[in-house]
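Biologist: Can you walk me through this one? I would like to start with how you name its parts, then go through the pockets and a few residues.

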Amino acid sequence: SSGINAEYGDYTTRDGQIIIKKLLAQSDVLVENTKPGTLKKYDMDYENIRLSNKNLIYASLTGYGQDGPYSGQGAYDVPLSAEGGLMGITGPIDGEPVKVGVALTDICSGLYLYSSILAALYQRTKTG
């Protein structure tokens, strides 16, 4: 054991919310990967969480953004690969679109989020 006290909180329960909010009050980063508005139902959206930790970096990863006509839809790798045209450039030249061998859209999204979090941490270090 490294002496780290790990706590688990289910944001849909009152007890879980207490645990999560306690952790977030002293955290550097929160990564949200839910449909827009999900955490707002539990007062865990950016505006509410920021009240207890103004330095928290709130990183949100959604398939279709925070607002707009598709924002409430779930986002999954294969449909996003098709919508973005990735499947159209995979496979035989004159053939049907083909699924990429790995969840490339998911992987790239995570990498973009990761680099954005690093940039935000760096910026916060430089500017406070």
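Predicted model: local features only at pLDDT ≥ 70, side-chain atom pairs only at ≥ 80, totals over all residues.

Biologist: Is aspartate 45 buried or exposed?

Modeller: Aspartate 45 is buried, because its relative accessible area is 7% and the cut-off for buried is under 20%.

Biologist: What does the side chain of aspartate 45 make a polar contact with?

Modeller: The partner is the side chain of asparagine 48, at 2.6 Å. Leaving out residues up to four places away in sequence, aspartate 45 also touches Leu39, Lys40 and Tyr58.

Biologist: Which residues line the second largest pocket?

Modeller: Asp45 is one of them, and Leu39, Lys40 and Tyr58 are in the lining too. α2 (46-49) and β2 (57-60) each supply at least two of the lining residues.

Biologist: What volume does that second largest pocket have?

Modeller: About 170 Å³. For the largest pocket the figure is about 350 Å³.

Biologist: How many residues line the largest pocket, and which lie nearest its centre?

Modeller: There are 17 in the lining, and Asn33, Leu61, Thr62, Gly63 and Ala75 lie nearest the centre. Ten of the lining residues are polar, five are nonpolar and two are charged.

Biologist: Which helix gives the most to that lining?

Modeller: Helix α4, residues 104-127, with four residues.

Biologist: Staying with α4, what span should it have, and how far apart are its end C-alpha atoms?

Modeller: With 24 residues at 1.5 Å a residue, α4 should span 34 Å, and its end C-alpha atoms are 34 Å apart, so the two agree.

Biologist: Which residues of α4 are buried?

Modeller: Thr105, Leu113 and Ile117. An α-helix has 3.6 residues a turn, so residues three or four places apart point the same way. The cover over the buried residues of α4 includes β1 (29-32), β2 and α3 (77-83).

Biologist: Take threonine 105. What does it touch?

Modeller: Asp77, Leu80, Ser81 and Leu86, again not counting residues up to four places away in sequence. Threonine 105 has a relative accessible area of 18%, so it counts as buried, the cut-off being under 20%.

Biologist: And alanine 120, where does that lie?

Modeller: Alanine 120 is in helix α4 as well, but it counts as partly exposed because its relative accessibility is 28%.

Biologist: Now the backbone. Which residue other than glycine has a positive phi?

Modeller: Aspartate 43 is one, with phi near 55°. Most residues other than glycine have a negative phi. Aspartate 43 lies in the loop between β1 and α2, and it is partly exposed, with a relative accessible area of 44%.

Biologist: What about phi just after α4?

Modeller: Glycine 128 comes there, and its phi is positive, about 90°.

Technical notes:
Residues numbered from 1 in each chain as written. Heavy atoms only, no water. 1 Å grid on protein atoms, 1.4 Å probe; cavity = no way out; pocket = protein on both sides within 12 Å on 5 of 7 lines; lining within 4 Å. Points joined across faces, edges and corners; volume = space filled by probe spheres on them. Nonpolar A, V, L, I, M, F, W, Y, C, P; charged D, E, K, R; others polar. Expected span 1.5 Å × (residues − 1). Buried < 20%, exposed > 50% of the residue type's maximum accessible area, 1.4 Å probe, protein only. Contact = heavy atoms within 4.5 Å. Polar contact = N/O pair within 3.5 Å; in protein donor to acceptor, adjacent residues only side chain to side chain.
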